[in-house]
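Today I open a structure and write down what I look up, one topic at a time.

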Amino acid sequence: MKHKYGIEPCEEHYSCMVDVLARAKNFEKAEELTKEMPFNLSSIGWTSSLSACRTHGIMDLRARAAKEILNLTPYSASTHVVLSNIYATVGKWEEAAQIRKLLRNRGIRKKPGCSWIDLGRIVHIFVANDISHPRIKDVYKFLEVMSEKMKLAGYVPDKIWALAKDHAAGGETRLRHNSKKLALAFGLINTVEGEPILVMKNLRTRGDCHNAIIIISAITFRQITVRDAHRFHCFSDGSCSCGDYW
């Protein structure tokens, strides 16, 4: 860029390059670039590294990336939650609790998660373990049947995404009854076979839910689009448009 085109690389160029190297599992070069660049990497650049580390299971660098983001955005609830979740993923419950405590001490409130679907110009809103919707019993019955089909298709719930110290006992139920799966199940019940479905989510999509919807799209032969807080995920025939990077 500099020698051939006379363009001075800016922060966005470096962030993109860090993302490319991290996606290619070349974490050493990605880290070297963060040290050599003429300015500090922004929260966007560190977020790119964080996503790649999550996908490839590089926990040490993932924790570092989350800490850097926390330093850059100290009053971001999502950053605190991400770092807490990283510690919980590897069983570091005390560290996870400390981050949650820091969140409370700073007076930062985590936005409660919810998902919604628009059917016939009526918006149906769901929260985790919902009991308020008039057809919630039908939704839970559908999910029970779908869960068995998913297991036969090879789906294994990743209970670590329940993110609780006692996740082994009730983690699978918590994962099955999250707001996005409830909204999706309601959509599948109330639309004709083959009709595309759009579900909206106010927070970022979690790993287990992403894996589950990939399987559901293959089982139901549906095109399922999820718009979360960061991007669109278009699920079809057992794959997602994001390529498992988000």
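Which residue is the bridge partner of S115 in strand 2? I looked it up in this predicted model, and the partner is F126.

**Entry 1: the strands**

I then followed S115 to its other neighbour and found that K201 is its bridge partner in strand 3. Strand 1 covers residues 115-119 and pairs with strand 3 in the antiparallel sense, over 2 bridges.

Next I looked at strand 4, residues 224-227, which runs parallel to strand 3 and is joined to it by 4 bridges. In this pairing M200 stands opposite R227 of strand 4. To get from strand 3 to strand 4 I traced the chain through helix 11, residues 207-220, and noted a right-handed β-α-β crossover.

I also checked the two faces of strand 3, residues 197-201. I197, V199 and K201 make up its covered face, while L198 and M200 lie on the uncovered one. I remind myself that side chains in a regular strand alternate between the two faces of the sheet.

**Entry 2: helix 8**

Helix 8 spans residues 136-152, which is 17 residues. I noted 25 Å from its first C-alpha to its last, close to the 24 Å expected at 1.5 Å a residue. I listed its buried residues: I136, V139, Y140, L143, M146, S147 and M150. Looking down the axis of helix 8, I see these buried residues within an arc of 125°, so they line one face of the helix. The general rule is that an α-helix has 3.6 residues a turn, so residues three or four places apart point the same way. On the face of helix 8 turned away from the buried side I found the exposed residues K137, K141 and L152. Just after helix 8 comes G154, with a positive phi of about 105°.

**Entry 3: helix 3**

I repeated the check on helix 3, residues 27-36, where F27, A30, L33 and T34 are buried. They cover an arc of only 120° around the axis, which puts them on the same side of helix 3. The face of helix 3 turned away from its buried side carries E28, K35 and E36, which are exposed.

**Entry 4: salt bridges**

How many salt bridges does a search of the whole structure find? The search finds 3, and I took them one by one.

I found E8 in a salt bridge with K2, where the closest N and O atoms are 3.8 Å apart. E8 counts as exposed because its relative accessibility is 56%. K2 has a relative accessible area of 47% and is partly exposed.

I found D138 and R135 joined by their side chains at 3.1 Å, N to O. D138 is partly exposed, at 32% relative accessible area, and so is R135, at 30%.

I found D208 and K181 joined by their side chains at 3.2 Å, N to O. This pair links distant parts of the chain, since D208 is in helix 11 and K181 is in helix 10, residues 179-189, with the two 27 residues apart. Are D208 and K181 buried or exposed? D208 has 1% relative accessibility and therefore counts as buried. K181, at 7%, counts as buried too.

Key. Residues numbered from 1 in each chain as written. Predicted model: local features only at pLDDT ≥ 70, side-chain atom pairs only at ≥ 80, totals over all residues. Heavy atoms only, no water. Expected span 1.5 Å × (residues − 1). Buried < 20%, exposed > 50% of the residue type's maximum accessible area, 1.4 Å probe, protein only. Arc of directions from axis to C-beta. Pairing = 2+ DSSP bridges. Right-handed = clockwise from strand over helix to strand, strands pointing away. Salt bridge = Lys/Arg side-chain N within 4 Å of Asp/Glu carboxyl O.
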